[in-house]
Amino acid sequence: MKFVCTECDEPMKFDQNGGLDEDGSMAATFRCPSCEWGVTLLINPQETQKVRSLGVKIGGATVPSQPMEMLQTHLAKPSEAMAEVSSASGCSCPFSALVQDTFNTTPSNLRWSVEAEQRLERAPSFVRPMVRRGIEEFAREQGYAEITAQVMDEARTRMGM
Amino acid sequence: MPKRYRDIAGDGGSNVAGQVAEQMARLKARMAGVKYTVAVMSGKGGVGKSTITTNLATFFAMQGWRVGVVDADINGPSLAKMFGVRGHQLRLDSSGVLPAIGPLGVQLISMDLFLAEDKTPVVWDGPTAETFLWRGTMEMHTLREFLSDVQWGTLDILLIDLPPGADRMSTMRDLLPDLHGTVVVTIPSAVSQLVVLKSITLARDLLHTPVIGLVENMTSYVCPTCEEVHPLFGQASTDDMPLGVPLLGRIPFDPRMAAAGDQGTPYVLEYGASPAGQALLQMGERVRTFLETVHEEPARSPVS
């Protein structure tokens, strides 16, 4: 799927991930690099899921996907054996129970900036849902509508990370 | 005239094509350590395809081959049970997940190893309505992760046990364009053979995948008392079908085969001398001959 600015005849560039709504629909904004005219693509839950099922990321991936990332993040009721994956050092993951919970949480309506999404992607896949949830809880407490890199820094300071 | 789709390079920043290419490159790199990839398929369900896969894998392991098996039946996985590895604790590190190890060192990955309980079906996190729109794609990419994200190491053969139906063969061809061959399983019933004919046509003529041959399972029944052989499904032999592929074997029915599967012990390990065991081992020899003849790879020494 591509977008062209009809005024400039320029291909539009991905600008902002508007985040997931509770029903699984999402918004993604594209902008013309010449005139900065923007268009927001509103994607229904099935279309969102179709993209997720391809194992790709809207807005691009900044780091390679982790092994078994799609299965780990999309299987609704994985075995404990799968949840208790080991890290490269062979240590048992201490966050497995939280990750397990997070598999079934409903998506939030907070927006994530592109930079914030990219920073989140740097976290290992099996702790990413927990980190996302923690930051979103912090943002809600503070009354933020959008999660930016600055909000992430504030959340980290609050969590003592 | 305004720009059209093909006039624009890239997709505005998501680089979906690049992300898919990265997935396929990872798959190709993993498969570089595998000498032969062979799919086991059928037209109809219930013909004993997983039993054939289990015993074919065990035959190769008995020959000293390093063997991996992918249970590609995402929604009805059975091979973890048949190899006796249910409940195996999966381990994952940055290189991928370690497969379960069955009898004679056969490596296995199956959806069964990822599910919480016996009664747990495969349920994906996503919208509950109109799941047909994305479920097939999710299953295809699960299969891709089974191939690319498991630490197979160096294998002589990777067997892929496909679910019933011909559709998954197209998926396999997309994921593994260099598939070395396909073993097709049927039973001597006209209904099964009608469907298997379509599967063979798809694999051989449309997807251009080498069909190693046909296995006719449950051909006959050996009376345990008098050891006389009786037909099990009447006389609908594949001899009468215009299949045009070699016959790899006719496997007689033996109730102990089902029991062996339930116990997680491959049948040929326990009953290799029985008529069904002999037929299964001969089937394995024919598959091996095909691979080594067509692909000219040296044989290994049998396990003593």
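## Close-up views of a predicted two-chain model

**View 1. Chain A and its elements.** The secondary structure of chain A comprises seven helices and seven strands, where helices (H or I, at least four residues) and strands (E, at least two) are DSSP runs numbered from the N terminus. Read from the N terminus, the order in chain A is β-β-β-β-β-α-α-α-α-β-α-α-β-α. The model is predicted: local features need pLDDT of at least 70 and side-chain atom pairs count only at pLDDT 80 or more, while totals for chains, interfaces and linings use all residues. Residues are numbered from 1 along each chain as its sequence is written, and chains are lettered from A and ligands numbered from 1 in the order in which they are written. Of the 161 residues in chain A, 34% are buried; a residue is buried if 20 or more other C-beta atoms lie within 10 Å of its own, exposed if 12 or fewer, and partly exposed in between, with C-beta atoms placed from the backbone. Among contacts in chain A between residues at least 6 apart in sequence, 54% join residues at least 24 apart. Two residues are in contact if their C-beta atoms, placed from the backbone, lie within 7 Å.

**View 2. Confidence in the two chains.** The predictor gives the complex an ipTM of 0.73 and a pTM of 0.78. The confidence of the predictor in each residue is pLDDT, from 0 to 100. Chain A averages 73, and 72% of its residues score at least 70. Within chain A, the element with the lowest mean pLDDT (33) is helix α4 (residues 96–103), and the one with the highest (92) is strand β1 (residues 4–5). Over residues 84–107 of chain A, pLDDT stays under 50; the model has 40 contacts beyond four places in sequence for this stretch. Where pLDDT is low, the predicted coordinates should not be read in detail. Chain B averages a pLDDT of 87, with 94% of the residues scoring at least 70. Among the elements of chain B, strand β10 (residues 229–231) has the lowest mean pLDDT (78) and β2(B) the highest (98).

**View 3. Two loop residues of chain A with positive phi.** Most residues other than glycine have a negative phi. A:Asp9 has a phi near 55°, a positive value in a residue other than glycine. A:Asp9 belongs to the loop between β1 and β2 (10–11) of chain A, and is partly exposed, with 13 other C-beta atoms within 10 Å. A:Glu36 is not a glycine either, yet has a positive phi of about 65°. The loop between β4 (26–31) and β5 (38–43) of chain A holds A:Glu36, which is exposed, with 10 other C-beta atoms within 10 Å.

**View 4. Strand β7 of chain B and its two parallel partners.** Seven of the seven residues of strand β7 (residues 155–161) of chain B are buried. Strand β1 (residues 34–42) of chain B pairs with β7(B) in the parallel sense over six bridges; two strands pair if DSSP finds at least two bridges between them. B:Val34 has B:Leu155 as its bridge partner in β7(B). Strand β2 (residues 67–71) of chain B also runs parallel to β7(B), joined by five bridges. For B:Val70, the bridge partner in β7(B) is B:Ile160.

**View 5. Packing of helices α2 and α9 of chain B.** Helix α2 (residues 49–62) and helix α9 (residues 275–294) of chain B pack at an angle of about 70°, with their axes 9 Å apart. Axes are lines fitted to C-alpha atoms, for helices over the stretch in contact, and angles run from 0 to 180 degrees between N-to-C directions. α2(B) and α9(B) are therefore roughly perpendicular to each other; angles under 35 degrees count as roughly parallel, over 145 as roughly antiparallel, 65 to 115 as roughly perpendicular and the rest as oblique. On the α2(B) side, B:Asn55, B:Leu56, B:Phe59 and B:Phe60 meet B:Leu280, B:Leu281, B:Met283, B:Gly284 and B:Val287 of α9(B).

View 6. Beyond its neighbours within four places in sequence, B:Asn217 is in contact with B:Val47, B:Gly48, B:Ile52, B:Val185, B:Ile187 and B:Ile251.
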